[in-house]
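Hi,

Here is the structure I promised to pass on. Have a look through it first, and then read my notes below.

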Amino acid sequence: MNPTALWWIRRDLRLTDNAPLQAAIKIGEVLPIFILDPHLLSRPAVRRLSFLFEGLFTLDRDLRARGSYLILRSGDPLDVLQMLMQETGSRSIFAEEDFTPYARQRDMRIMHALPLTLTAGQTVYHPGNILKNDGKPYTVYTPYSKIWKARLKGIDLIPAPGNIPTSTGISSEPLPEFSPNPQFPSGEQEALVRLEEFTFQRIHSYIENRDRMDLEGTSALSPYLRFGMLGLGQAVHAAKKALGQNKSSGAETWLNELIWHEFYIQILYHFPQVTKTAFNPALANIPWRNDLHDFEAWKRGNTGVPVVDAAMRQLRETGWMHNRARMIVASFLVKDLLIDWRWGEEWFMENLLDGDIAANNGGWQWTAGTGTDAAPYFRIFNPVLQSLKFDPNGDYIRRWVPELRDLDGRHVHAPWEKGIKIQDYPETPIVDRAIVKERTLEAYRSSIGNN
DNA sequence: TTTTGAGTTGTTCGA
DNA sequence: GTCGAACAACTCAAA
């Protein structure tokens, strides 16, 4: 009998460029296992779970095409793995290293009891490996990105194996039901098609179009990156390839966005407290208003500010939101409504297909001005100006806020300015912008003063 | 140790 | 409509 190795799949739902899969194949027969960990199912993120379940379904299909299949088990990972080791007589487990606080603690616990080997793959560099000269982690993006780029020699991708030997007879629980998301079909094949399409075509107008909410100017690959249906290394590889083809392209700008992913992964790795409190301790004690009625209006897309409502409804309906829109709604929640950024962070985690602790927390703290390398706290977005600039024709608003579909020109961005009344839509924004700036600055100064 | 240059994504005002 | 400057001042990274 051939030796068997477990390939424990976590956030690497792909066959291409998969180091733990390759390591397992070298041992002998491979047992691809995904564990439904109750701890990770506790958050009410229905849409993201459905995306994951569909991803498991397509992964199983792709495995079967290579002579293998996916084994799904529920329970505490340590118990499940122990049981599988006994069932199969396997002596090794390979998995891609995951850097969230929970994952690190879980993997430590398992490594004490079982032969678990963690491999690279979630990031291009291990978060502990890019440090300043004094040995401390970077907390400013630009110098971090310079070192990151300077060290990059070239990326060798591991091709997807043509055949994955797996012994039959190991039982799997039935794969969970899911409802397909028409905007984001799940799975590696879809991710690869989208990567190819983006880096061949739209990346060349990325600089001009990436902030335009009414266009498809971004890659929209984040849900696939979130679950490793596409690896960060593959994305970087494609960016470098596009860069080589066309120097004037947006490939460099997109590469920077990928490095931001890794920057925030290493921030969370070195400063796990950011999930609980402000990275900048001086801004840990802002006296938030935390008005529940305002929060509800924000969540439902009923604030009376069209661009905010459009974005919040896009999130609810599709599980995705344009990056520019994320900044606008985050700024509105934190600076205009003076609601704790952690409330917004949680809502995003519940609703985003790409909901990822590191990137989401980094983005929220950046907008709130509490984070690393953050926006200055006195910088407060004007949602109407943002709307005019990045949805110039109002198409984004009209698409997601049907009540406003008959308004044109400037009116769709700020219907109250001309006293236009629309049925079923707030007559005026829920907050008067005239008071926002002073109120916010006062709250932030109060935290600094009390420090 | 000290100094120096620089820092994702803005807004507002007045000329 | 467009342009530049002020906003307020701090921290980081590296020489």
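**Around the DNA**

Let's start with DNA strand C, which is surrounded by Lys132, Asn133, Tyr138, Thr139, Val140, Pro143, Ile147, Pro376 and Phe378. Sorted by class, the residues of this surface near DNA strand C come out as six nonpolar, two polar and one charged. Keep in mind as you read that this is a predicted model.

**The chain as a whole**

Now zoom out to chain A. Along the principal axes, the C-alpha atoms of chain A fill a box of roughly 80 × 50 × 45 Å. How does the radius of gyration of chain A fit with a compact globule? For 451 residues, such a globule would have a value near 22 Å, and chain A has 23 Å, so the two agree. Of those 451 residues, 44% count as buried. Looking at contacts in chain A with a separation of 6 or more, 75% come from residues 24 or more positions apart.

**A pair of helices**

When two helices pack, they are described by the angle between their axes and by the distance between those axes. Take helix α12 (residues 306–318) and helix α16 (residues 383–390): their axes come within 8 Å and cross at roughly 70°. Angles of 65 to 115 degrees count as roughly perpendicular, so that is what α12 is to α16. Which residues make the contact? On α12 they are Pro306, Val307 and Val308, and on α16 they are Pro383, Gln386 and Ser387. By class, the contact of α12 with α16 has four nonpolar and two polar residues, with no charged ones.

Cheers

How values were computed. Residues are numbered from 1 along each chain as its sequence is written. Chains are lettered from A and ligands numbered from 1 in the order in which they are written. This is a predicted model: local features need pLDDT of at least 70, side-chain atom pairs count only at pLDDT 80 or more; totals for chains, interfaces and linings use all residues. Axes are lines fitted to C-alpha atoms, for helices over the stretch in contact, and angles run from 0 to 180 degrees between N-to-C directions. Helices (H or I, at least four residues) and strands (E, at least two) are DSSP runs, numbered from the N terminus. Angles under 35 degrees count as roughly parallel, over 145 as roughly antiparallel, 65 to 115 as roughly perpendicular and the rest as oblique. Two residues are in contact if their C-beta atoms, placed from the backbone, lie within 7 Å. Ala, Val, Leu, Ile, Met, Phe, Trp, Tyr, Cys and Pro count as nonpolar, Asp, Glu, Lys and Arg as charged, and the others, Gly among them, as polar. The radius of gyration is taken over C-alpha atoms; the globule rule is 2.2 Å times the number of residues to the power 0.38. A residue is buried if 20 or more other C-beta atoms lie within 10 Å of its own, exposed if 12 or fewer, and partly exposed in between; C-beta atoms are placed from the backbone. A residue is near a molecule or strand if its C-beta atom, placed from the backbone, lies within 6 Å of it.
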